[in-house]
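This briefing walks through selected features of the structure shown below, grouped by topic. Please keep the sequence and the model open side by side while reading.

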Amino acid sequence: MQYRKLVNDGEDLSVLGYGCMRFPSKNGRIDKEKTEKQLLYAYENGVNYYDTAYPYHNGKSEVILGEFIKKHDLRDKVYIADKLPTFFITKSQQIQKYFDTQLERLSTDYIDYYLMHMLDSLTSWEKLKRLGIIDFIKEKKESGQIKHIGFSFHGRPEEFIKILDDYDWEFCQIQFNYLDEYNQAGLAGLKKAYEKGIGVVIMEPLRGGNLAAKAPDKVKKKFDEYSEKRSAAFWALRWIWNHKEVGVVLSGMNVDEHIEENIKVANLTTANSMSEEEIEIVDEVKEIYRHLMKVPCTGCNYCMPCPFGVAIPSIFSEYNDKYFFNSRLSQLQYIGRVLGVFGASKSGANLCTACGKCEKHCPQNIQIRKELKNAHKELDSKVIKLIVKIAMKFIGLKGTKKKRSGI
Ligand code: SF4
Ligand code: SF4
C-alpha cells in the first residue's frame, strides 16, 4: 500500500480509503458478516482511512464501522472520517447534537477527519457560519474531539474556490475522475487546493461504478490494446493516483474481487508513474466518451455563470450519464437540482429563459438552449419528484427558493 499525507506533518494515510456508504446487503439489510470480512481484509492489506457519514445506510454505516473498530481494537491504528450533515441543520444546537450522535454511533470519543458534508456554494458555508460553526470547530479542535477539519463539495468550480479561500481548511473532498476533469471542483480545484497546502480526498473515482463494469465496449477495446490486460476500473484508479495532488481516493467497495483489485492498483501506482503510452490511451478513451456523448460539453465553464442560475455543464453531465450508463443517480441528482435539495441550489434547466447569453461563449458551439430543453425532457420525472418531495417532507427538509421559470 502507498501512503500519502492529507495534512502537513499529519498521519500517513493509505492512498485507498474505504468508502463506507455501500456496504454489501442481504435481504434488504447490511450483510454484517460479509462487511466485517471485507473491512478486515482491507485493513490487513494496509487500508487505514475509513470514510462514513451521518446518512449512510440510515446511520448504520457509522454504527457498523464503530463496532468493527472496537471489536478488533483498531482505534489507534485507523483514521475515521465522518461528516456533519449540513443539509439537515437549521438551528445552532443541532450541530452539537449531530456530532454527539456520531461519536456515540462510532463508539469513539474523537473523529480524526471531520467534514462539512456536501457544501455546494459559499452560501451553504455562510449559513453554517451564521449558526456558529466556526466556534464549534475551534472548541472541538481544542478539546481534541476533532483532529482535522475539512469539507466535501458538489457544486460549481468558482464556488469551490470561494469556500476554499474562506476558511483555514486542512483538507477537502471532491469528485474527480478522467471524465470529470472539468466538472465540479475539477482539475483546477484539485491543483488550487494542493497549492494552498489543503489535502484532497477523491470521491467517485469510478463515477459510481460507471467507469468500471458499465464502460462501453469501444472503451474496453481501447484499453485492451495495451500490452498488459487490465480492467477499466484499474485504468480509472491508476489515472487518479498518477496525480501528485491527490491524497486519499475513496472507493465504496463491496465485492471481494473489487477490493482486491483496488488494493493491487493502490500498491502499484505512485504519482507521475504512468508512461506516455498509458496517458495516451486514457486520452483516447476520453475522446471515445466525448464522441458517444449526447451533448459534447467539455465542462469548460465558459458559458457560466448563467444569470438565471442554470447549472449548464452539470446538467449536460447528468444528461450524458443518463444516456451513456442509464444512470438513475444522475437523474436523481438532476431532480435534486430542480427542487433545490441534496445540497444543490435550484439550478435546473427549467430556469432557462432562453436569453442566449451562454451560447455566445461556448467553444463547442453547442445549442445550449435547445439541449437544455432536451435534457429537462429526458431527466425530469413527475413520479420521482413526488417521491423526493414526500421524503423531504418526512425528514423535515425544505428546498432552496425558486428563482424563475423559463422552460
Ligand atoms: S440561455 Fe438559458 S442557460 Fe443560457 S444564459 Fe440564458 S437563461 Fe442561462
Ligand atoms: S461553454 Fe459549452 S462546452 Fe463549455 S461548459 Fe458551457 S456548454 Fe459546455
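Gly17 of strand β3 has Leu250 as its bridge partner in β12, and three bridges join these two strands, which run parallel. The model is a predicted one, in which local features need pLDDT of at least 70, side-chain atom pairs count only at pLDDT 80 or more, and totals for chains, interfaces and linings use all residues. Residues are numbered from 1 along each chain as its sequence is written, chains are lettered from A and ligands numbered from 1 in the order in which they are written, and side-chain values use heavy atoms, with hydrogens and water left out.

**The barrel and its strands**

- Eight strands close into a barrel in the order β3-β6-β7-β8-β9-β10-β11-β12, with parallel pairing, where two strands pair if DSSP finds at least two bridges between them.
- From one strand to the next, the twist averages 30°, an angle taken between N-to-C directions on a scale from 0 to 180 degrees, with axes that are lines fitted to C-alpha atoms, for helices over the stretch in contact.
- Strand β3 (residues 16-19) is covered on both faces, with Leu16 and Tyr18 buried on one side and Gly17 and Gly19 buried on the other; buried means under 20% relative accessible area, exposed means over 50%, and partly exposed lies in between (1.4 Å probe, protein chains only).
- Strands β3 and β6 (residues 49-51) pair in the parallel sense over two bridges, and Gly19 stands opposite Asp51 in β6.
- Strands β11 (residues 199-203) and β12 (residues 248-251) run parallel and are joined by two bridges, with Val249 in β12 as the bridge partner of Ile202.
- Strand and helix names refer to DSSP runs numbered from the N terminus, helices being H or I over at least four residues and strands being E over at least two.

**Strand β9 and its neighbours**

- Strand β9 is mostly covered, since seven of its eight residues are buried.
- Six bridges join β8 to β9 in a parallel arrangement, and Ile111 stands opposite Ile146 in β9.
- Strands β9 and β10 also pair in the parallel sense, over three bridges, and Gly150 stands opposite Phe171 in β10.

**Helix α5**

- The buried residues of helix α5 (residues 133-143) are Ile133, Phe136, Ile137 and Lys140.
- These four residues lie on the same side of α5 because they cover an arc of only 95° around the axis, the arc being that of the directions from the helix axis to the C-beta atoms.
- The face of α5 turned away from this buried side carries the exposed residues Asp135, Lys138 and Glu142.
- The cover over the buried residues of α5 includes β7 (79-84), α3 (92-106), β8 (111-119), α4 (122-130) and β9 (146-153), with contact meaning heavy atoms within 4.5 Å.
- Just after α5, Gly144 takes a positive phi of about 85°.

**Backbone exceptions**

- Most residues other than glycine have a negative phi, and most peptide bonds are trans.
- Met118, placed in strand β8, is a residue other than glycine with a positive phi, near 60°, and it counts as buried at 19% relative accessibility.
- Asn272, in the loop between α10 (256-268) and α11, likewise has a positive phi, near 55°, but Asn272 is exposed, with a relative accessible area of 58%.
- The peptide bond from Met304 to Pro305 is cis, with omega near -5°, and Pro305 lies in the loop between α11 (276-292) and α12 (312-325).

**Tyr226**

- Tyr226 is placed in the loop between α8 (217-224) and α9 (232-241) and counts as buried at 14% relative accessibility.
- Not counting residues up to four places away in sequence, Tyr226 touches Trp235, Glu277, Glu278 and Ile281.

**Domains**

- The protein is divided into domain 1 (3-282) and domain 2 (312-394), with bounds that come from an automatic or database domain assignment.
- The contact between them takes eight residues from domain 1 and nine residues from domain 2.
- The C-alpha centres of domain 1 and domain 2 lie 25 Å apart.
- Domain 1 and domain 2 bury about 890 Å² between them, 49% of it on carbon and sulfur atoms, where buried area is the accessible area (1.4 Å probe) that two parts lose on being put together, summed over both.
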